[in-house]
Amino acid sequence: MPEKHRYKFCFGPWNISEGQDPYGPPVRPPRAFEWKLAQLKKLGFDAMMFHDDDAVPDLDSKSESQIRKETKELRKKLDGEGIAAEMVAPRLWFAPQTVDGAYTSNDAKHRQYAIKRSLRSIDIANILGTDILVLWLAREGSYIRESKNARRCVDYLVNAFDKMLTHDKNIRLAIEPKPNEPMDHAYLPTIGHALAVAQLTRDPKRVGCLIESAHAILAGLDPADEIDFAMAFYKLWSLHLNDQNGLKFDQDKPFGSNNLRAAFNQVRALERNGYGQRGEYVCFDVHPFRTTKVEHWLAHLDNSRRTFLKLVEKARSFNEMKAQQLIADRNYQDLDQMVIEHLMGK
Ligand code: GLO
Ligand code: MG
């Protein structure tokens, strides 16, 4: 077992969400960014994740120098609170230019827009003091198979990644795969796809990944195995822990809410690989249930962190010796029960 260490935690401003869904309006009033930052601190978190336009609202309507100025002001605010910026992610799924895809749009002008906006996100990341650009490729896929040339789209993706790697020699790209939603099928649905495409870029060492539990579950995979796989390549640079009840819309439930044992196994995988020891953060990409009252608004974040820490204790107090004996005896029946009783506190 690697040396015990203290994990560092983070979330994004969008994780204090207002409850809107495709069938109904918000159910909680919007809160200012400063309020969210203050809550993060109060809850004992260490860093915040940023979409480019969380850092600089309406950035498409602003000049480069205005963007730089506002980013520097944000950096000052973060430094003042002692909060780090974990990453920056270009939000490439809201703008009219990304209706038909961002890097993989059929329209060359729109592909250019996506690349330009990503380079700007890298500049923002630099000022905020993080070398991680997260790429959730929300609209890189198809609704109608015949509408896109998937082979050409791989080239478009590689071309876009190469432009980013050239723009800044220190930036690292963390691809956040998700198999579907909003797309019918995404081009990079799993960690295997993300790490394979990394090999086609001009600097594979700087192209890694971010695992989100719910996204792995949506792909029919075990998030713990995805963690072990990515960490075998030393390429797990960020993490969105949450939970998901089967194959349906992306639920972003609190960590462990649906499957405590799967959550335990994710924590075990992180522990055995020493996640966090190279500065990586544990982020919770979770949302409050729509029914959540304003006064309970932050519980999903606090609870996810509490569950995580309790599972760290469970992982560290798991009787590995006994487990190894059962494995050697191929007594997986008792191993199964041992895990269940350990989690039940017996
Ligand atoms: C949605 C994604 C989303 C990203 C975030 C950062 O399914 O999980 O929340 O993590 O936009 O890029
Ligand atoms: Mg996510």
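The face of helix α12 that points away from its buried side carries the exposed residues Gln333 and Met344, where exposed means over 50% relative accessible area, buried under 20% and partly exposed in between (1.4 Å probe, protein chains only). The model is a predicted one, in which local features need pLDDT of at least 70 and side-chain atom pairs count only at pLDDT 80 or more, while totals for chains, interfaces and linings use all residues. Residues are numbered from 1 along each chain as its sequence is written, chains are lettered from A and ligands numbered from 1 in the order in which they are written, and side-chain values use heavy atoms, with hydrogens and water left out.

The buried residues of α12 are Leu335, Met338, Val339, His342 and Leu343. Because they cover an arc of only 125 degrees around the axis, they sit on the same side of α12; the arc is that of the directions from the helix axis to the C-beta atoms. Their cover includes α9 (260-273), α10 (299-316) and α11 (320-328). Helices here are DSSP runs (H or I, at least four residues), as are strands (E, at least two), numbered from the N terminus. After α12 comes glycine 345, with a positive phi near 85 degrees.

Arginine 261 is partly exposed at 31% relative accessible area, and aspartate 336 is partly exposed at 29%.

By this rule the count comes to 26 salt bridges. Another of them joins arginine 117 to aspartate 60, with the closest N and O atoms 3.3 Å apart. Arginine 117 lies in helix α4 (residues 108-128) and aspartate 60 in the loop between α2 (52-55) and α3 (64-81), so the pair ties together parts that are 57 residues apart in sequence. Arginine 117 is buried, at 5% relative accessible area, whereas aspartate 60 is partly exposed, at 40%.

A buried charge without such a partner is found at glutamate 226, in helix α8 (residues 223-232). The nearest side chain of opposite charge, arginine 272, is 12 Å away; Lys and Arg count as positive and Asp and Glu as negative, with His and the chain ends not counted. The side chain of glutamate 226 does reach the backbone nitrogen of isoleucine 191, at 3.2 Å.

Technical notes. Contact means heavy atoms within 4.5 Å. A salt bridge is a side-chain nitrogen of Lys or Arg within 4 Å of a carboxyl oxygen of Asp or Glu. A polar contact is a pair of N or O atoms within 3.5 Å; within protein, one must be able to donate a hydrogen and the other to accept it, and residues adjacent in sequence count only if both atoms are side-chain atoms.
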